[in-house]
Amino acid sequence: MAINNKQSVTVAYIDYCKAFDSVCHNKLFVKLKAYGVGGNLLHWIEDFLRNRSQTTQVGSQYSNERYLSSGIVQGSCIGPLLFLLYINDVIEILPSDCVCKLFADDLKLYSVAKITEDSMHVMQESLDNLFRWSNKWQLSISYKKCSVMSFGRTYSDNCCFYIGNNIIQSVNTHKDLGVHLDTNLTFCAHINNIVAKSHTRAGLIRKCFLSNDPGTLVKAFTTYVRPLLEYASVIWSPYHTGDIDKVESVQRRFTKRLAGMQYLSYADRLHTLQLESLEMRRLRFDLLYTYKILFGLVHIDSNSLFKFNPVTVTRGHCYKLYAATSRINVRHNFFCNRIVNVWNALPASAANFTSYNCFRSFLFSVDLSKLV
């Protein structure tokens, strides 16, 4: 919405050095007490973390034993929870105009401002507070891996952000939880990346498998290649014909090289192999995720993305959505806008929305080809 309203969005990606190994035990126990953890539970956690040691083996030789005074036990069930409790209060030291998003040790700060200079000031203040907080709690920031991106209005070339005395590089693309973002939100870099990886992996399947059975190779394709092309597709699903064809080309090329498929059209190959086009699958993912948001199956505020159409409808289902006005293509083709017309056109009844499984079964039973 910010970019649609011609506002500037500044995003800072923060990377910590060996974050899970840097958690100070004594300071962790202080935070646990502040959260109300005490008694036998706190004693159990203290016994679990304290007096641990490690050694390294190379061949038959062992290094000297070293006792550990920091770090949570990776691979344990409680380890990730302890780290989240250790880092969770970072949001309290940031200005109200800066939003913090945490996923494990990945930390992202972003601020929205009508004036570019306001966003710059808020972001720098946030980075300064974060620097002091990190030093206090002995979490070392990997400055070379941190970066800043701006969406919407861009900064001048001489604009710099600092963490301490270290300049944070400004970038045009960044990999955010597996999705490559660019300043224009076109996702071209992400699409090019996953298509290249998928072509390579599909070629390895044909090269490494001794069997030429189409059924076996298709199972390998759907297991090892297709997930690359569908991960987080709700975010980056292409709307340009060229990008749609580029993604589809991976499955098109793979199926054409299967035994007995060389002279069949792509549609016939999909029918013979009992496959769907990747475009159709992305559409179904969009619809299923819309259902999850609207009916509270995911922790996302539905009102921030969708609004039910207040106009009484006489045809179709009763959960029709209102299409918000979009000023730019990026907003118009974003998930919560591009899915509205398709959602409203579903030939469904109220019975199809009684549960997620009912809605999913309905989507597999109806012809969605006219809605692509």
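Me: In which strand does Lys175 lie?
Reply: Lys175 belongs to a strand that spans residues 173-176, where helices (H or I, at least four residues) and strands (E, at least two) are DSSP runs numbered from the N terminus. The model is predicted, so local features need pLDDT of at least 70 and side-chain atom pairs count only at pLDDT 80 or more, while totals for chains, interfaces and linings use all residues. Residues are numbered from 1 along each chain as its sequence is written, and side-chain values use heavy atoms, with hydrogens and water left out. The strand that holds Lys175 is S11.

Me: Is Lys175 buried, exposed or partly exposed?
Reply: Buried means under 20% relative accessible area, exposed means over 50%, and partly exposed lies in between, with a 1.4 Å probe and protein chains only. Because the relative accessible area of Lys175 is 48%, this residue is partly exposed.

Me: How are H1 and H2 oriented relative to each other, roughly parallel or roughly antiparallel?
Reply: The axes of H1 (residues 25-34) and H2 (residues 39-49) come within 11 Å and cross at roughly 165°, the axes being lines fitted to C-alpha atoms over the stretch in contact, with angles from 0 to 180 degrees between N-to-C directions. Angles under 35 degrees count as roughly parallel, over 145 as roughly antiparallel, 65 to 115 as roughly perpendicular and the rest as oblique. The crossing therefore makes H1, relative to H2, roughly antiparallel.

Me: How many residues of the contact of H1 with H2 are nonpolar?
Reply: From H1, the residues His25, Leu28, Phe29, Leu32 and Lys33 meet Leu42, Ile45, Glu46 and Leu49 of H2, contact meaning heavy atoms within 4.5 Å. Ala, Val, Leu, Ile, Met, Phe, Trp, Tyr, Cys and Pro count as nonpolar, Asp, Glu, Lys and Arg as charged, and the others, Gly among them, as polar. Beside one polar and two charged residues, the number of nonpolar residues in this contact is six.

Me: Which residues does Val342 touch, not counting residues up to four places away in sequence?
Reply: Val342 has its place in helix H14 (residues 340-344), and because its relative accessibility is 11%, Val342 counts as buried. Beyond residues up to four places away in sequence, Val342 touches Leu283, Leu287 and Leu371.

Me: Where is Ala104, which has a positive phi although it is not a glycine?
Reply: Ala104 has a phi of about 55°, and with a relative accessible area of 28% Ala104 is partly exposed. The place of Ala104 is the loop between S6 and S7.

Me: What percentage of the residues in the protein chain are buried?
Reply: The secondary structure of the chain comes to 15 helices and 12 strands, and its C-alpha trace spans about 65 × 60 × 50 Å along the principal axes. Of the 372 residues in the protein chain, the buried ones make up 41%.
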